Amino acid sequence: PRLSFYHFDSSRGSNRHAAVAVARRFEEMILLSSPCSGSDVNDGVGVNGDVFVHECRTPQQRNGYDCGVYALAAAEALSRSDEVKKARGDGDNFVKVCEEALEAFVTKLEGVSKRVAGGGGGFAVYLRRKIAQD
């Protein structure tokens, strides 16, 4: 079976090298416990053999310091989405469903942040405030 990794980068392209390095390490660990085989080639970048890092469309941060907030928001959105859970293992459809779930989550939070914060700041500001309160 082909190993697939999905890279959600809120700073488009800045972390590609790191994502590929992490995928290679995971591949090494997986291969040590259970060798993978197959010649299935799809989109993405082949790492070693059958591992691919798929770049996924992700909401983009507007500064150099909100990456952690965006990572937490993406993890929350993807882990809470029933559609994402249903699409697991469905290749290209999985990527599409993940991207749609992220977009819907950001849109929802931007609406909440406008109501709560008086219209300014966007969802990253709202999330930082919410995290600080918890």
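A nonpolar patch here joins side chains such as Val, Met and Phe within 5 Å, taking residues with over 30% relative accessible area and no salt bridge. Keep that handy; the model you're looking at is a predicted one.

**Exercise 1.** Find the residues that make the nonpolar surface patch of about 280 Å².

*Solution.* Start with helix α1, residues 16–33, where you'll find Met29. Met29 makes the patch together with Val22 and Phe26. Now check Phe26: its relative accessibility is 39%, so it clears the cut-off of over 30% for a patch. Phe26 counts as partly exposed.

**Exercise 2.** Classify the two aromatic pairs in the structure.

*Solution.* You need two values, because a ring pair is described by the distance of the centres and the angle of the planes.

Step one: Phe5 and Phe26 sit 6.0 Å centre to centre with 40° between the planes, which makes the pair tilted. Phe5 is in strand β1 (residues 3–8) and Phe26 in helix α1, 21 residues apart.

Step two: for Tyr6 and Phe94, the centres are 5.0 Å apart and the planes at 65°, so call this one edge-to-face. Tyr6 belongs to strand β1 and Phe94 to helix α4, so the pair ties together parts 88 residues apart in sequence.

Phe94, at 13%, is buried, while Tyr6, at 27%, is partly exposed.

**Exercise 3.** Work out which element gives the largest share of the largest nonpolar core.

*Solution.* That core has 18 residues, and Leu78 and Val84 have the most contacts inside it. Elements giving two or more residues are α2, α3, α4 and α5.

How values were computed. Residues are numbered from 1 along each chain as its sequence is written. This is a predicted model: local features need pLDDT of at least 70, side-chain atom pairs count only at pLDDT 80 or more; totals for chains, interfaces and linings use all residues. Side-chain values use heavy atoms; hydrogens and water are left out. A nonpolar core is a set of buried Ala, Val, Leu, Ile, Met, Phe, Trp, Tyr and Cys residues joined through side-chain atoms within 4.5 Å. Buried means under 20% relative accessible area, exposed over 50%, partly exposed in between (1.4 Å probe, protein chains only). Helices (H or I, at least four residues) and strands (E, at least two) are DSSP runs, numbered from the N terminus. Patches are made of residues with over 30% relative accessible area and no salt bridge: like charges are joined within 9 Å, nonpolar side chains (Val, Leu, Ile, Met, Phe, Trp, Tyr) within 5 Å. Accessible areas come from the Shrake-Rupley method with a 1.4 Å probe; for residues, only the protein chains shown count as cover. A salt bridge is a side-chain nitrogen of Lys or Arg within 4 Å of a carboxyl oxygen of Asp or Glu. Rings of Phe, Tyr and Trp (its six-membered ring) pair if their centres lie within 6.5 Å; planes under 30 degrees apart count as stacked, over 60 as edge-to-face and the rest as tilted.
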